[in-house]
Amino acid sequence: MENDQDNIIREVTQTDYKYGFFTDIDTDNIPYGLNEDIIRLISGKKNEPDWMLEFRLKSYRHWLGMEMPQWAHLKIPEINYQDIIYYSAPKQRIKPGKFEDVDPQLLETFNKLGIPLDEQKLLTGMAVDAVIDSVSVKTTFKKNLAELGIIFCSMGEAIQEHPDLVKKYLGSVVPYRDNYFATLNSAVFTDGSFCYIPKGVRCPMELSTYFRINAANTGQFERTLLIADDESYVSYLEGCTAPMRDEHQLHAAVVELVALNDASIKYSTVQNWYPGDKEGKGGIFNFVTKRGMCKGKNSRISWTQIETGSAITWKYPSCVLRGDNSTGEFYSVAVTNHHQQADTGTKMIHLGKNSKSTIISKGISAGKSNNSYRGLVRVTQNAVNSRNYSQCDSLLLGDKCGAHTFPYIEVANKTSIVEHEATTSKISEDQMFYCNQRGISTEDAIGLIVNGYAKEVLNKLPVEFAVEAQKLLQISLEGSVG
Amino acid sequence: MLKIRNLSASIDGKMILKGINLDVNAGEVHAIMGPNGSGKSTLAAVLTGRNLYEITEGQVTYLGKDLLTMAPEDRARAGIFLGFQYPIEIPGVSMANFMRTAVNEIRKFKGQQPMNASDFMKLIREKIALVEIDTKLINRSVNEGFSGGEKKKNEIFQMAMLEPMLSILDETDSGLDIDALKIVANGVNMLKRPDNASIVITHYQRLLDYIVPDFVHILYDGRIVKSAGKELAVELEAKGYDWIKNHDGDE
Amino acid sequence: MYIETEKISLNESLVDLFNSNRSLLLRASTDHVNALRMQAIDQFKKIGIPTKKDENYKYYDLDPVFSRKYDVHFSRKKIDFNISDLFKCDIPELDTDLLILLNGWYYENGNHDDLMKQGVVMGSLALAAVEYPQLFEQHYGRYADIKSDGLVAFNTAFALDGIFIYVPDNVMLERPVQIINIVMDKVDSMVQHRNLIVLGKNSKASIVICDHSLSANQFLTNSVTEIVASENSSLDYTRVQNEHNGAAQISSTFIHQLADSRVSTNTISLHGGFIRNNLNVMLAGKGCENNMYGLSLSDKFQHVDNSTLIDHAMPNCTSNQKFKGVMDDMASGVFYGKIFVRKDAQHTHAYQGNNNILLTDDAKINTRPHLEIYADDVKCSHGATVGQLDENAMFYLQSRGIGSKEARLMLMTAFAHEIIDQIKVDPLKDRIYDLVNKRLRGELSRCNSCAMNCN
């Protein structure tokens with residue numbers, strides 16, 4: 001049995017990436033490198049107003065004085081920021097937004113990824129913004145949503161069409177000085193999604209953005225901004241993939257969420273960037289700043305993430321619980337395999353009274369990977385009667401990987417309660433034997449147990465995505481599941 | 001002894017008690033019955049001073065004093081005892097220390113000297129026999145690791161130790177097998193005196209076979225909808241709570 | 001920029017202190033100690049006093065503590081009183097072998113003849129370096145890594161004396177050894193002593209350390225203790241910290257455990273202006289067991305900082321940590337625990353727990369229970385809580401007639417109970433139980449005498 005298990009773990013750690021194809025399309029690339037001229041060029045390509053260019057330049061100048069953060073439990077090879085193409089767009093694109101205008105080759109690419117952009121073929125109940133490299137190629141169901149007053153479009157379009165909203169909220173949750181990668185993003189971001197849910201509207205369909213890196217030598221710097229006005233609700237999904245390449249590619253995104261009084265945002269991510277090969281060659285560096293501001297009273301922001309891809313993940317979807325009685329949630333499954341490294345978790349900053357937060361994190365490490373949970377729970381003096389519960393479990397598959405838990409808990413008032421629990425273990429021999437004894441193969445048993453282990457988080461995903469996420473988990477740990 | 005007038009109480013804005021009236025005199029045993037959620041435990045908690053509830057209306061006088069303004073410990077010192085439905089576990093506090101502190105605080109309140117160690121141990125031995133629990137439990141932390149039956153017996157043991165004027169037993173019978181139930185009931189009966197009184201809160205009539213009440217009240221939706229002698233319990237058992245629910249409109 | 005300059009000048013002034021007393025320091029010690037001393041001061045020049053930028057010290061600024069003016073004594077002062085008069089034990093049942101440190105210097109107090117017959121060595125560290133060079137050099141400076149922490153380097157550069165204890169193979173000490181560590185001076189002083197405790201194979205010892213301040217001056221103690229527990233040895237190590245609010249104490253303990261050894265430590269921080277305990281355990285042999293308990297009770301502006309590292313380097317070891325803190329007034333507390341399980345340390349069982357109670361809105365706690373795990377066949381877990389006294393338990397006590405003040409006290413004592421219960425020397429346990437009770441009642445608001453002697 002011991003041998004069996006070794007075999008399976010070997011298989012698990014030698015799985016192939018299913019989304020690694022490359023679509024050969026002509027692209028409009030700008031030159032390599034990063035300087036003020038490049039930023040002006042990007043801004044010019046997007047035909048941006050002056051205030052946007054100023055925001056970018058201000059960020060860039062600040063970034064020049066910053067150093068890359070070293071505190072994460074990651075070994076990050078030196079990144080040459082002059083060796084990256086900061087803007088790349090598929091050339092055929094004529095006018096965004098009209099289905100008939102989208103290049104069939106791009107549609108085929110998304111079809112292949114399982115994301116049909118044809119509204120007829122789309123699952124009802126889901127609107128998609130499809131972003132390839134630096135631009136959004138298509139946003140579906142825009143018209144239907146507009147009837148409810150919901151704005152769902154690319155960030156580029158929002159800057160043109162809704163400058164007041166963008167000006168008001170861009171950088172309000174993640175300021176341009178926030179951290180090294182967020183500041184870089186503020187300087188060079190290209191596209192991403194923008195969403196505004198008006199007062200009292202419950203968004204009737206899942207909104208989703210699908211991010212695809214296709215071109216070589218490029219970085220992807222998307223920027224997403226989502227605002228839920230008073231008493232509104234939205235559920236938002238995000239997925240991402242990239243072709244297999246030998247070199248690393250940088251993805252440094254910023255996501256900002258704002259929930260006003262009694263508003264609720266549910267944000268789900270299935271992250272499946274190319275993780276690199278079995279030897280650790282290639283793969284995406286996924287350095288992402290995601291933060292939600294529960295600005296209004298009784299507001300709620302819930303993050304769910306399934307992290308299976310990327311060579312290196314550096315990501316802490318966080319909630320600033322400013323409003324009284326606001327709620328923050330973080331549900332995460334992070335799988336690392338081969339030579340992947342992940343340092344991911346959350347921050348729950350309790351500022352408002354009676355604010356509540358829940359953190360459920362499930363780490364699964366296989367191969368020679370390292371998987372860290374890092375989380376901060378801060379309860380300030382004014383956040384009276386606040387409550388946090390955190391549970392962070394790690395599962396080790398194989399003896400060459402690492403699983404780490406780094407919670408930070410800071411409490412400064414006497415009426416709040418904070419609880420943190422964590423466990424680290426491998427799949428128990430007893431559980432395995434119990435399954436075997438009931439006639440279940442070791443391979444199926446690992447699958448069952450891992451899925452059961454992640455279930456608490458998978459259940460938080462919208463149904464449409466849960467299936468995809470489960471498939472992804474299976475692929476990431478293939479050989480043991482299904 | 002106890003006069004409850006138009007007592008209303010709410011939790012988180014939700015009304016639980018909607019105008020309770022009840023008189024309890026020395027020497028009497030009152031049973032309060034009612035379906036789940038009717039407000040039985042809330043009544044017990046409000047009478048003993050649990051601060052989870054907001055009193056929205058009404059008065060309660062106990063031995064001539066305004067009960068509702070008193071701190072929980074002062075109510076206890078004045079002779080009110082609550083037998084908890086779910087006795088609380090307190091790790092690290094031994095039963096012996098817990099009881100010695102309680103007994104001496106009550107004595108101090110009555111102007112008596114604290115009890116010396118040997119008298120106290122004697123008292124413990126005497127009272128513990130009443131409920132047939134293992135003396136070893138005395139050295140363990142309060143209720144920690146006690147079985148369900150032990151916890152309930154422990155409540156009666158504490159009642160015996162503190163000799164209250166008014167005992168309120170909140171579903172002391174729940175979760176007990178018939179032997180434990182007899183022991184608990186027996187303890188209660190032995191502690192009965194002409195100058196004290198009890199309120200027995202229960203869901204089932206079963207306990208009332210052993211603790212015979214002078215009055216039975218039926219609590220439904222925050223109100224006492226029916227009061228009568230012990231025969232009411234039997235009638236209720238036979239007809240079920242639906243009978244009361246259907247009756248509700250008449251009241 | 002201003003702060004930077006000041007910081008540089010602090011480290012420079014401490015190096016200057018070394019340089020201007022170099023000959024005194026070198027003259028007092030053996031070549032072995034001095035060689036380490038020189039390495040240490042070089043290392044200190046590189047890293048200096050830790051700052052808040054250091055992950056390990058991020059919640060407390062050491063600068064103010066170090067920036068005060070202190071006297072440093074580079075030789076043992078003559079005293080005009082009998083050292084044993086400083087201390088009278090009031091626990092008749094507690095029969096200990098007593099060692100006394102005054103301002104970091106060992107003072108002879110009675111003899112330990114019966115122990116010497118068994119080959120036990122107890123006394124001055126400086127003397128042991130000369131009298132037992134082989135034994136001493138085999139261990140001194142081996143476990144306290146000067147690279148790990150500027151404060152360890154600082155101590156290694158300056159330490160002149162302290163306690164040395166050696167328990168030979170197969171010797172089991174019947175009585176606990178009690179080390180009374182006193183600071184008392186007419187001037188504000190900095191004390192940097194160094195202890196080395198070596199347990200031979202199959203040996204057994206119980207050691208109690210009591211830290212006290214006996215004069216109202218400001219003190220800074222920066223001590224390092226190295227402990228080796230050889231194969232199948234057993235050590236029970238209790239520390240009671242009871243100094244006044246003007247005293248700062250940094251105490252770094254390095255425990256090196258060999259196969260099948262069992263070490264339990266219990267750190268009770270009753271009182272002190274600033275307390276920093278670094279407890280580093282290396283489980284360097286198979287089948288070791290380590291238990292680490294701590295309790296801190298603080299009020300006013302006190303700060304207690306417990307930092308632990310359990311390094312599981314070998315298979316089949318068990319470690320178990322529990323630290324509890326009660327913070328009142330403006331007091332602040334930090335717990336930083338790390339369990340490190342190396343690749344080969346299969347079948348590790350490790351637990352780490354930290355529970356805190358905040359009594360006011362001005363008290364603060366920062367807790368970081370960290371796990372870093374590289375072996376798969378392990379069971380590791382941790383838990384941390386911050387909260388208040390249980391409301392239901394409060395009501396239960398009150399409903400039995402116990403007043404709210406008394407009820408709070410009972411619950412706080414109960415909270416502390418779990419830690420005190422781990423003390424294995426019964427009379428000491430009872431005494432500490434008493435002391436904690438008094439402390440929680442506010443009766444120990446300023447303790448200027450020995451914990452063992454403060455009725």
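What share of the contacts in chain C with a separation of 6 or more is accounted for by residues 24 or more positions apart? The share is 69% in chain B and 85% in chain C, where a contact means heavy atoms within 4.5 Å. This is a predicted model, in which local features need pLDDT of at least 70 and side-chain atom pairs count only at pLDDT 80 or more, while totals for chains, interfaces and linings use all residues. Residues are numbered from 1 along each chain as its sequence is written, chains are lettered from A and ligands numbered from 1 in the order in which they are written, and side-chain values use heavy atoms, with hydrogens and water left out.

Chains A and B, by contrast, do not touch, and their nearest C-alpha atoms lie 14 Å apart.

Chain C contains 11 helices and 20 strands, where helices (H or I, at least four residues) and strands (E, at least two) are DSSP runs numbered from the N terminus. Its radius of gyration, 21 Å, is close to the 23 Å that the globule rule gives for 455 residues, so chain C is as compact as a globular protein of that length; the radius is taken over C-alpha atoms, and the rule is 2.2 Å times the number of residues to the power 0.38. Along the principal axes, the C-alpha trace of chain C spans about 70 × 50 × 50 Å. Of the 455 residues in chain C, 64% are buried, a term that means under 20% relative accessible area, with exposed set at over 50% and partly exposed in between (1.4 Å probe, protein chains only). The accessible surface of this chain comes to about 16700 Å², and carbon and sulfur atoms account for 49% of it; such areas come from the Shrake-Rupley method with a 1.4 Å probe, and for residues only the protein chains shown count as cover.

Within chain C, helix α3 (residues 31–47) has 17 residues and reaches 24 Å from its first C-alpha to its last, close to the 24 Å expected at 1.5 Å a residue, the expected span being 1.5 Å times one less than the number of residues. An α-helix has 3.6 residues a turn, so residues three or four places apart point the same way. The buried residues of α3(C) include Val33(C), Leu36(C), Arg37(C), Ala40(C), Ile41(C) and Phe44(C). After the helix comes Gly48(C), whose phi is positive, near 65°.

Chain B has 8 helices and 12 strands. Its radius of gyration of 18 Å is close to the 18 Å given by the globule rule for 251 residues, so chain B is as compact as a globular protein of that length. Its C-alpha atoms fill a box of roughly 60 × 40 × 35 Å along the principal axes, and buried residues make up 55% of the 251 residues.

In chain B, 4 strands form an open antiparallel sheet in the order β2-β1-β4-β5, where two strands pair if DSSP finds at least two bridges between them. Strands β2 (14–24) and β5 (65–66) of chain B stand at the edges, each with a single partner strand, so one side of each has no neighbour in the sheet. Strand β4(B) (residues 54–62) is joined to β5(B) by 2 bridges, and Lys65(B) in β5(B) is the bridge partner of Tyr62(B).

In chain A, strand β16 (residues 318–321) is covered on both faces, with Ser318(A) and Val320(A) buried on one side and Cys319(A) and Leu321(A) buried on the other. Strand β13(A) (residues 283–294) pairs with β16(A) in the parallel sense over 4 bridges, and Gly292(A) stands opposite Cys319(A). Strand β18(A) (residues 341–350) also pairs with β16(A) in the parallel sense, over 3 bridges, and here Leu321(A) stands opposite His350(A).

Elsewhere in chain A, Leu395(A) belongs to strand β21 (residues 387–397) and counts as buried at 5% relative accessibility. Its C-alpha atom is separated by 6.3 Å from that of Ser365(A), 30 residues apart along the chain.
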